[in-house]
Amino acid sequence: MIRYTCMRAILPTVEAALAAHGYTVESPLAKDLNGDRMIVMTRSSTVVLLSECAQSEVADIEIYGAAPAAATALLEQLPIRLFRQAAHHEIRSRQN
């Protein structure tokens with residue numbers, strides 16, 4: 001899994017960019033009682049999860065699948081501020 005965070009306000013821009021590059025919505029935008037939202041988008045074997053919590057200004061973008069390089073490259077080319085998060089195995093290897 002590859003994980004990014006961004007400001008919640010730019011999540012629609014991320015969704016639109018993914019859609020413009022062939023990613024399709026697999027699950028509708030869901031809203032729970034707290035106002036949290038999640039959307040799942042796929043392209044081939046890559047899955048991108050966009051999630052936001054009404055209690056936070058920060059949103060999460062998670063990329064899953066056997067070949068996440070295309071989604072990663074797309075996100076990193078966008079003219080918006082995204083923050084790539086270290087994977088758990090990367091954190092552990094830095095500590096050793």
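## Before you start

What you see above is a predicted model, so local features need pLDDT of at least 70 and side-chain atom pairs count only at pLDDT 80 or more, while totals for chains, interfaces and linings use all residues. Residues are numbered from 1 along each chain as its sequence is written, and side-chain values use heavy atoms, with hydrogens and water left out.

## The overall layout

Let's begin with the whole chain. It has three helices and six strands. Here, helices (H or I, at least four residues) and strands (E, at least two) are DSSP runs, numbered from the N terminus. If you follow the sequence along, the order is β-α-β-β-β-β-α-β-α.

Of the 96 residues in the chain, 33% are buried. Buried means under 20% relative accessible area, exposed means over 50%, and partly exposed is in between (1.4 Å probe, protein chains only). The chain exposes about 6,100 Å², and carbon and sulfur atoms supply 54% of that. Those areas come from the Shrake-Rupley method with a 1.4 Å probe, and for residues only the protein chains shown count as cover. As for contacts (heavy atoms within 4.5 Å), take those with a separation of 6 or more: residues 24 or more positions apart account for 48% of them.

Helix α1 spans residues 11-20, and its buried residues are Leu11, Val14, Ala17 and Leu18. They sit on the same side of α1 because they cover an arc of only 120° around the axis. That arc is taken from the directions from the helix axis to the C-beta atoms.

What covers the buried residues? The cover includes β1 (2-7), β3 (37-43), β4 (46-52), β5 (58-64) and α2 (69-77). After α1 comes Gly22, whose phi is positive, near 95°.

## Strand β5 and its neighbours

Strand β5 is largely enclosed by the rest of the structure, since five of its seven residues are buried. Two strands count as paired if DSSP finds at least two bridges between them. β5 runs antiparallel to β1, with six bridges joining them; Met7, for example, has Val58 in β5 as its bridge partner.

β5 also pairs with β4, again in the antiparallel sense and over six bridges. In this pairing, Val47 stands opposite Tyr64 in β5. A hairpin joins β4 to β5 through five residues.

## Charged pairs

Side chains of opposite charge can pair when their charged atoms come close. For this report, a salt bridge is a side-chain nitrogen of Lys or Arg within 4 Å of a carboxyl oxygen of Asp or Glu. The structure holds five of them. One brings together the side chains of Asp60 and Arg3 (2.5 Å, N to O). This pair links distant parts of the chain, with Asp60 in strand β5 and Arg3 in strand β1, 57 residues apart. Arg3, Asp60 and Glu62 are linked in a network of salt bridges, and Arg3 is partly exposed at a relative accessible area of 28%.

Another pair is Glu57 and Arg8, whose side chains meet at 3.5 Å, N to O. It too links distant parts of the chain: Glu57 is in the loop between β4 and β5, and Arg8 is in the loop between β1 and α1, 49 residues apart. Arg8 is partly exposed, at 22%. Arg84 forms a salt bridge with Glu76, their closest N and O atoms being 3.5 Å apart. Arg84 is partly exposed at 47%, and Glu76 is partly exposed at 48%.

Cys6 counts as buried at 1% relative accessibility, whereas Cys53, at 27%, counts as partly exposed.

Most residues other than glycine have a negative phi. Ser44 is not a glycine, yet its phi is positive, about 55°. You'll find Ser44 in the loop between β3 and β4, and it is exposed, with a relative accessible area of 78%.
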